Structures are given as C-alpha cells and as structure tokens.
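The report that follows is meant to be read beside the sequence and the three-dimensional view.

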Amino acid sequence: MPATTPSLTALTFDLDDTLWANRPIMERAETEHYAWLDGEIGHATDFPLEEYTRRRMALGLKHPLRRGDFTWLRREAMRIMLRDAGHGEKEAHHWSHAAVERFLALRHELQPFPEASELLDSLARHYRLGAITNGNVDLTRLALDHHFEFSIAAGEWLAPKPDARPFLAAMARLGSRPSTTLHVGDSWKEDALPAVRLGMQAAWIDVKGRGAPEPVPAGVHVISHVRELPELLRHLNASR
Ligand SMILES: [Mg+2]
C-alpha cells in the first residue's frame, strides 16, 4: 500500500501583511502618536521622529534577546530619550507609557482585507486556527479575534519567528503535527522557511509580486493573496 500523506487539520496565520496591509497603518500610527506627544510636551524639535527610530534600532541591537519585543523597545527608547531631553524620571516614565499607548491604539485601528472574516469563518469549520505574530498587534483588540483559538506574540515571548518555538507551541495547542499543519504568511524568512524546516506546509504570500527565491523548497506553496488560500487547500487535499 502506498504511504498516504495525512490530511491537514490545522492552520497557523501570520497577521501583519497577511490579513491586512500593514505599512499604511504603521506609518499613520508612527507620525500621529509622535505629533500627539509633541503637542503635549513639545519634544520633537530637539528629538525628531528619525532620532526616535534610530534610538529604537540601537536599543534592539544592544538587547538582542528583546529585539522582537517592539512594545518594550518603543517604551524604553522613548523613556531614555525623554530623560535626555531634560524630563525627570517620573515624567519620562509617564509620557513614554502614554505615547506607546497612543501608538498601540492607532495601530489597532486597522481594516483587515475585506475577504478575511468570511474566509476565516469558513476555514474554521474545517481546520483549527491559530495566529503567530512577530508584531505587537493584540488580536483580542480586533474583531477577527473570534476566528482564532489563540494568538502567539512571538516577539514578546523573546522568540520571534523564524525561531521554531512559537510554531511548536502553536501545534501543541492545536493538537496537530507538522505533517498536518500549514502556516500562512508573507515573510519568506520568518514564515515560509521556518515552517517547512519543521516539516509543516507553508503558504507563502508573495505580497511584492517578486516571486519566490529559487529553488523553492518542498512544502512551500506560493500565493499572491490570502484569498487564494481556499483554492490552495482544495488542491492540497485532493492530492493527499
Ligand atoms: Mg507578516
């Protein structure tokens, strides 16, 4: 009897740029929260946004373990910058927290792709669904949350993708194995490659339309938008 491939039972999803276009959201959140803080305390003349960005990146290099914990990096870089701007410890703490809260509120004002909700709804009837993000979106703040059993904030776990741990934790919670799980995401290095390295299937979303780096590893399936996922799953299930 020929060996058969087990059916897929679970799907894991990246969030940013997989279920919504993230760049405009980030650009707006970045400029608006910074302008808000400047309106409150007038810090931006001496410390323009570029300086804050530079300091966040430098802080990430200084604390490699926390490089994926973007909320911490934002708050901490802001706190130190405001102290350097002459604010006292208490004030710097207060305003850095307030600014990051403002940023996070703006960051969650996002519109998923119009197909996303219905798509997840229909997938959830056949598969168990989990989310794994390196970003600082809190899925419970979004209407899409109810489609997923959980969301893993891999950066805040200090194990951002491509680390295997968030994938392994997701499969443990979904009661699935690599051979029965497909990961969906737009990053070649942080989604597609780590998933297939673990023996999962991967749907790589070629957001930029540049094509997959050759050779495409076995188990990676290239799509251009998450809306193509049902068709891919039909195809995969038919060949199992
Ligand atoms: Mg992504």
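In this predicted model, strands E4 and E5 pair in the parallel sense, with four bridges between them. Within that pairing, Gly185 stands opposite Trp204 in E5. On another pairing of E4, four bridges join this strand to E1, and the two run parallel, with Ala10 standing opposite Thr181 in E4. Strand E1 in turn pairs with E2, again in the parallel sense and over four bridges, and here Ala10 stands opposite Arg128 in E2. The table sets these pairings side by side.

| Strands | Sense and bridges | Residues that stand opposite |
|---|---|---|
| E1 and E2 | parallel, four bridges | Ala10 and Arg128 |
| E1 and E4 | parallel, four bridges | Ala10 and Thr181 |
| E4 and E5 | parallel, four bridges | Gly185 and Trp204 |

How many of the five residues of E4 are buried? Five of the five are buried, so E4 is largely enclosed by the rest of the structure. In a regular strand the side chains alternate between the two faces of the sheet. In E4 both faces are covered, with Thr181, His183 and Gly185 buried on one side and Leu182 and Val184 buried on the other.

Helix H7 has buried residues of its own, namely Glu190, Asp191, Ala192, Pro194, Ala195 and Val196, and the buried residues of H7 pack against H6, E4, E5 and E6. Just after H7, Gly199 takes a positive phi of about 95 degrees.

In soluble globular proteins, nonpolar side chains tend to be buried together. The largest nonpolar core of this model has 33 residues, of which Ala131, Val184, Ala202 and Ala203 touch the most other members. The elements that give two or more residues to this core are strands E1 (10-13), E2 (128-133), E3 (151-153), E4 (181-185) and E5 (201-205), together with helices H6 (164-174) and H7 (188-197). A second, separate core has 13 residues, including Tyr34, Met81, Leu82 and Val100. Returning to Ala203, and leaving aside its neighbours within four places in sequence, this residue is in contact with Leu182, Val184, His221, Ile223, Leu229 and Leu232.

Is His225 buried or partly exposed? This residue has its place in the loop between strand E6 (220-223) and helix H8 (229-238), and because 13 C-beta neighbours lie inside 10 Å, His225 counts as partly exposed. His225 and Leu19 are 206 residues apart in sequence, yet their C-alpha atoms are 9.0 Å apart in space.

At the level of the whole protein chain, there is a division into domain 1, which takes in 10-21 and 112-238, and domain 2, which takes in 24-107. The C-alpha centres of domain 1 and domain 2 lie 30 Å apart, and the contact takes ten residues from domain 1 and nine residues from domain 2. On the side of domain 1 that touches domain 2, the residues by class are five nonpolar, four polar and one charged.

Key
Residues are numbered from 1 along each chain as its sequence is written. This is a predicted model: local features need pLDDT of at least 70, side-chain atom pairs count only at pLDDT 80 or more; totals for chains, interfaces and linings use all residues. A nonpolar core is a set of buried Ala, Val, Leu, Ile, Met, Phe, Trp, Tyr and Cys residues joined through C-beta atoms within 7 Å. A residue is buried if 20 or more other C-beta atoms lie within 10 Å of its own, exposed if 12 or fewer, and partly exposed in between; C-beta atoms are placed from the backbone. Two residues are in contact if their C-beta atoms, placed from the backbone, lie within 7 Å. Domain bounds come from an automatic or database domain assignment. Ala, Val, Leu, Ile, Met, Phe, Trp, Tyr, Cys and Pro count as nonpolar, Asp, Glu, Lys and Arg as charged, and the others, Gly among them, as polar. Two strands pair if DSSP finds at least two bridges between them.
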